[in-house]
Amino acid sequence: MFRFENVCQEPLHDLNFRIDKQDKVILFGPSGAGKSTLLFLLNRLSDPEQGEIYYKDTPIQNQPITKLRKNVGLVLQAPNLFPGTVLENIKYGPALFGEWEEKDGKKLLDYVQLPSSYLNRDVEQLSGGEKQRVSLARTLANSPEVLLLDEPTSALDYKTAEEIEEVLACLIQEYQLTMLMVTHNLNQARRLGDRGLFIADGKLQEDGAIPDMLDEPKTERLSKFLEQ
């Protein structure tokens, strides 16, 4: 699905790996390692300084950017909603492509476990957890194939984070989505991911199955990170 060939984008250098369909990938490593930078390369919020990224065997810069971002949805740490109602937020993307149907509103809120009465609620009236659910619903409204998650639960209290995590796990399984997620929570990494990319010092240091990486790291760099 994605292929990185000798990709450089500060602070990252010489990245070479591939992401296959339905992979559930956790990006982890120390703060400032470039995890979010890598995530943003996947839907062209930034473009590499060097190297080539392929999406479905086509150079990513040759993909129409609106279509790419429809297929490769991004959910940020802080819900990035615009002023207005929940309905106005979640219908925005599909409406651009002429794909919105009124029944979709209730369906999307069902996905993220919010009552349909929230459709006409102003987003400013929502709690942090509710805003993150709406942010997720807005991304899902575009029917993405790939879900990019940049620490989507780190700003939430423990109970709310747990609820959002359950919603994500169900949606990823039900719709067979490919997922790449940045998290500092290694217990969350175990629960949601099946593959890990450990990034440190600007390099991809280790790539493998999440349980193996966390229980039996192959590199000294990962061993040191896990001890901290």
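Trainee: Is tyrosine 92 buried, partly exposed or exposed?

Mentor: Tyrosine 92 is partly exposed, because its relative accessibility is 48%. Buried means under 20% relative accessible area, exposed over 50%, and partly exposed in between (1.4 Å probe, protein chains only). Keep in mind that this is a predicted model: local features need pLDDT of at least 70, side-chain atom pairs count only at pLDDT 80 or more, and totals for chains, interfaces and linings use all residues. Residues are numbered from 1 along each chain as its sequence is written, and side-chain values use heavy atoms, leaving out hydrogens and water.

Trainee: Thanks! Now rings: how many aromatic pairs are there?

Mentor: The count comes to seven aromatic pairs. Rings of Phe, Tyr and Trp (its six-membered ring) pair if their centres lie within 6.5 Å; planes under 30 degrees apart count as stacked, over 60 as edge-to-face and the rest as tilted. Phenylalanine 4 and phenylalanine 17 are stacked, because their ring centres are 4.5 Å apart and their planes are at 20°.

Trainee: Are those two buried or exposed?

Mentor: Phenylalanine 4 and phenylalanine 17 are both buried.

Trainee: And what about phenylalanine 28 and phenylalanine 225?

Mentor: That pair is tilted, because the centres are 6.2 Å apart and the planes at 50°. Phenylalanine 28 is buried at 0% relative accessibility, and phenylalanine 225 is buried too, with a relative accessible area of 14%.

Trainee: Which residues form a cluster with them?

Mentor: Phe28, Phe198 and Phe225 form one aromatic cluster.
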